[in-house]
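Open your viewer and get ready to select some residues. We will take a short walk around the aromatic rings.

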Amino acid sequence: MHDTPIRAILFDVFGTVVDWRGGIAREAEACLGPKGITVDWLAFAEAWRARYQPSMEPIRLGTRGYQRLDVLHYENMLDVLDEFAIEGLSGAELDHLNRAWHRLSPWPDCVSGLNRLKSRFIIGPLSNGNVSMMVNMAKHAGLPWDVVLGAEPARMYKPRRETYLIAADWLDLAPGQVLMCAAHNGDLAAAASCGLRTAFIPRPAEYGPGQTSDLAARYAFDHIANDMNELANQLGC
């Protein structure tokens, strides 16, 4: 049991708050479809996302200096375009497509649930996304963040400890005063190992109908809820 009250709730974003798979598929089709390009857009989104974790690993290991996620996404995008035999895009078109990650939409429960949680707690992303991405996404999706934290302030990617601990430090809070909310067991296990409290919300549609991971909580997290509004109910908002 924790004696210290929660003061802030920080959120994983990709998959927990926004639907990256459907959003990237939609944005890629909107960007590339008018050029006569036709591919499986959901497969395109999945292929792009599949390069996400591997691209961060050299930074976590210290063999590459910190790069914003926008940079990693751009590098990964070039590989995916090559995989799908898509070519002939201008620099401006490449930049616009890469910024599809800034234009993702939230799951249906998120805006209402976040506004309820904001009425009582400091809320913000603790995401691997860079600050400009999180700010632009919030404007696009109506996400009512108080603060933006995560990889860029820490200059390191989750699940490295400093990413979680620097977020608490920047809020001038003890780790136990911060609740980390995510749809991913590994993210929450890493946060708990740093002393943060934890809340699991499953997103069984994150990877589509064939999803096999993170369908349920694997650990004894502090809170387990079906969606943001249920979490708000549990926390008295």
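Start with Trp-20: this residue is buried, with a relative accessible area of 1%. Buried means under 20% relative accessible area, exposed over 50% and partly exposed in between (1.4 Å probe, protein chains only). A word on the source: this is a predicted model, in which local features need pLDDT of at least 70, side-chain atom pairs count only at pLDDT 80 or more, and totals for chains, interfaces and linings use all residues. Residues are numbered from 1 along each chain as its sequence is written, and side-chain values use heavy atoms, with hydrogens and water left out.

Next, select Phe-14, Trp-41, Phe-44, Trp-48, Tyr-52, Phe-84 and Trp-101, which form one aromatic cluster. Across the whole structure, a search finds 11 aromatic pairs. Zoom in on Phe-14 and Trp-101, an edge-to-face pair with 5.7 Å centre to centre and 90° between the planes. Rings of Phe, Tyr and Trp (its six-membered ring) pair if their centres lie within 6.5 Å; planes under 30 degrees apart count as stacked, over 60 as edge-to-face and the rest as tilted. Are these two residues buried or exposed? Both Phe-14 and Trp-101 are buried.
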